[in-house]
Amino acid sequence: MTQGKQGCALFAWKAKGQMALAAGSVRMREEKGTRFRFLEVAKNVYAAIAPAEKLDITDAGMMDNFSNAGLILRGGGLVCDTCFDLPHAQELKAFCIEKLGHAPQTVVNTHGHWDHYWGNQVFADARIMGHRDMLGDCLGDKKKVPVFKLLHGSKFVQGLLNRMMGGQFKGYLPAGKPFQMVVKQTEHDFDLTGVVPTPPTDLFEEKTVLDLDGMRVELIPVGAVHSGSDTIVWMPEESVLFAGDIFADCSLPMNMEAARRWLKVLDYILDELRPVTIVPGHGEVYDAARAESQRAYFRALVERFELYYTDSITEKELIDKIDLSDHIKHRPRLAWIMAVKMMLKERRKASGSS
């Protein structure tokens with residue numbers, strides 16, 4: 001159901017003037033909403049940045065930072081990704097109405113993970129686009145809504161999950177610091193009330209070019225990398241990329257095949273497209289240096305795993321040798337440990353030494 005101009009009353013904008021991003025020297029005008037900071041990364045192009053919990057040694061990058069979105073306020077207007085719940089999606093819609101005078105006419109989903117498309121129903125009157133193969137990731141999501149509600153709302157279930165997952169990181173947590181998978185974020189917390197997962201209906205398979213009142217917008221499928229199918233949204237004249245989770249502080253490949261595919265996509269983006277500004281799926285806006293640091297992180301994971309792996313090495317020996325702590329300044333402290341564990345299990349199974 002469309003919210004129309006009623007969405008304008010959801011919150012009051014507070015212009016913050018010119019502010020410097022921590023990611024680099026680029027200065028961008030910021031407007032603050034209730035759930036997002038809206039950064040104008042190019043003329044009429046905005047990053048909607050959702051706040052995340054401060055990284056902690058117990059963080060595995062799960063359930064404690066919200067997805068970002070992108071907005072192009074030209075032509076009929078476009079929203080890239082619609083977040084996890086209806087209040088976040090409604091705030092995106094309200095911002096468009098405030099700036100354009102009407103709701104956006106196009107929505108693009110970068111992939112089929114719940115935290116990037118469960119707000120689609122707020123934009124029911126829009127053209128909702130996504131790659132055909134992303135629909136595989138959306139299967140069964142209606143059953144996931146009550147599961148996420150239980151996971152996030154029940155302290156008993158959270159305790160069970162923390163103990164189960166915490167065992168995966170035994171020996172890597174400091175004394176007195178239990179593992180925490182679910183972190184509430186007060187006023188920024190998500191609310192799954194009323195969510196009905198609504199996949200895109202306007203499907204594409206190859207590169208698709210949109211014209212938003214003279215602005216060229218390219219929807220570029222990059223294959224199964226972070227999800228079953230990923231799409232990046234590229235504005236070549238503005239040199240701005242909406243990357244989905246191809247770039248994100250909490251993203252990390254969990255098997256070697258995905259890691260190698262992911263590195264090829266990063267090479268394509270950084271060496272051929274060469275964006276100046278990247279809006280990641282999670283975390284702060286990337287400049288070139290921060291984007292390069294993610295490529296270096298993934299490359300170090302692959303190269304060090306291959307360097308130190310032997311059929312006889314123990315899990316702890318391998319993790320101690322690889323040690324990616326020099327790459328996690330902006331990233332979850334424990335995610336790379338889980339990645340190594342998964343890759344080791346995969347390699348042992350392939351070699352018959354499990």
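How many disulfides does a search of the whole structure find? The count is zero. Keep in mind that this is a predicted model. The chain has 354 residues, 55% of which count as buried, and they are organised into nine helices and 14 strands. Here's a quick tour, from the overall numbers down to single residues.

**The chain as a whole**

- If you take contacts between residues at least 6 apart in sequence, 65% of them join residues at least 24 apart.

**Cysteines**

- C83 is a buried residue, with a relative accessible area of 2%.
- C138 is buried too, at 7% relative accessible area.

- On one hand, strand 5 runs antiparallel to strand 4 (residues 45-49), and four bridges join the two.
- Y46 sits opposite L71 in that pairing.
- On the other hand, strand 5 pairs with strand 6 (residues 78-80), again in the antiparallel sense, over three bridges.
- Here G70 is the residue that stands opposite C80.
- Strands 5 and 6 make a hairpin with five residues between them, and G75 takes a positive phi near 55° there.

- Strand 8 (residues 127-131) is largely enclosed by the rest of the structure, because four of its five residues are buried.
- Strand 7 (residues 106-108) pairs with strand 8 in the parallel sense over three bridges, with T106 and R127 as bridge partners.
- Strand 8 also runs parallel to strand 9 (residues 202-204), joined to it by three bridges.
- In strand 9, D202 is the residue opposite M129.

- An open sheet with mixed pairing is built from five strands in the order 10-11-12-13-14.
- Strand 10 (208-212) and strand 14 (277-280) are the edges; each has a single partner strand, so one side of each is left without a neighbour in the sheet.
- From one strand to the next, the twist averages 20°.
- Strand 13 (residues 240-244) and strand 14 run parallel and are joined by four bridges.
- Within that pairing, L241 stands opposite I278.
- Helix 6 (residues 256-273) packs on the sheet and touches strand 11 (215-223), strand 12 (230-235), strand 13 and strand 14.
- The direction of helix 6 makes about 10° with that of strand 12.

**Helix 7**

- Helix 7 runs over residues 288-308, which is 21 residues.
- Its end C-alpha atoms are 30 Å apart, and that agrees with the 30 Å it should span at 1.5 Å a residue.
- Its buried residues are R290, A291, Q294, R295, Y297, F298, A300, L301, V302 and F305.
- Those buried residues pack against helix 6, strand 14, helix 8 (315-322) and helix 9 (335-351).

**S251**

- You'll find S251 in the loop between strand 13 and helix 6.
- At 3% relative accessibility, S251 counts as buried, because the cut-off for that is under 20%.
- Leaving out neighbours within four places in sequence, S251 is in contact with H226, D245, W262 and F298.
- F298 is also among the buried residues of helix 7.
- H282 is 31 residues from S251 in sequence, and their C-alpha atoms are 8.5 Å apart in space.

Technical notes:
Residues are numbered from 1 along each chain as its sequence is written. This is a predicted model: local features need pLDDT of at least 70, side-chain atom pairs count only at pLDDT 80 or more; totals for chains, interfaces and linings use all residues. Side-chain values use heavy atoms; hydrogens and water are left out. Two strands pair if DSSP finds at least two bridges between them. Axes are lines fitted to C-alpha atoms, for helices over the stretch in contact, and angles run from 0 to 180 degrees between N-to-C directions. Contact means heavy atoms within 4.5 Å. A disulfide is a pair of cysteine sulfur atoms within 2.5 Å. Buried means under 20% relative accessible area, exposed over 50%, partly exposed in between (1.4 Å probe, protein chains only). The expected span of a helix is 1.5 Å times one less than its number of residues.
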